[in-house]
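Please work through the following exercises with the sequence and the structure side by side. Each task is followed by a solution in steps.

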Amino acid sequence: MWPVALPRLVTLPWPLIHPEDQSAVRAAARPRRLGDSSRRSLLFRVQRADGAWIWLETTASLVRVTEGAAAAVQTASRDVSVRVAREKELAQARLAAESAV
């Protein structure tokens with residue numbers, strides 16, 4: 001399906017990806033995981049230069065040629081650490097509210 005093996009197309013900073021997230025990132029990095037879908041998202045942690053862990057949301061999209069065959073994978077990542085923290089706070093508040101009833 002791909003003209004070049006994925007490791008030659010993309011080099012991910014594996015040592016910077018949180019150990020608990022590496023298997024999910026490795027599985028998602030395989031082109032066939034996109035299948036017929038044009039876009040997939042993945043949430044995982046990476047380590048900053050100062051040693052802190054942040055949450056990234058990476059979206060991968062297939063770039064197709066005119067015949068519809070996949071020509072490349074385009075990715076975009078953004079820091080969603082604040083969103084993840086708020087979601088955890090909300091989940092904890094819901095649990096506390098349900099326990100109080």
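**Exercise 1.** Determine which kind of link joins the side chains of Glu 57 and Arg 83, and where the two residues lie.

*Solution.* The side chains of Glu 57 and Arg 83 meet in a salt bridge, at 3.6 Å from N to O, where a salt bridge is a side-chain nitrogen of Lys or Arg within 4 Å of a carboxyl oxygen of Asp or Glu. This pair links distant parts of the chain, since Glu 57 belongs to strand 2 and Arg 83, 26 residues apart from it, to helix 3 (residues 81-100). Helices (H or I, at least four residues) and strands (E, at least two) are DSSP runs, numbered from the N terminus. Glu 57 is buried at 16% relative accessible area, whereas Arg 83 is partly exposed at 32%; buried means under 20%, exposed over 50%, and partly exposed in between, with a 1.4 Å probe and protein chains only. Salt bridges also link Glu 57 and Arg 83 with Arg 78 and Glu 87 in a network.

The model is predicted, with local features needing pLDDT of at least 70 and side-chain atom pairs counting only at pLDDT 80 or more, while totals for chains, interfaces and linings use all residues. Residues are numbered from 1 along each chain as its sequence is written, and side-chain values use heavy atoms, leaving out hydrogens and water.

**Exercise 2.** Find the bridge partner of Leu 43 in strand 2, and describe how strand 1 and strand 2 pair.

*Solution.* The partner of Leu 43 is Glu 57. Strand 1 (residues 39-47) pairs with strand 2 in the antiparallel sense over nine bridges, pairing being assigned if DSSP finds at least two bridges between two strands.
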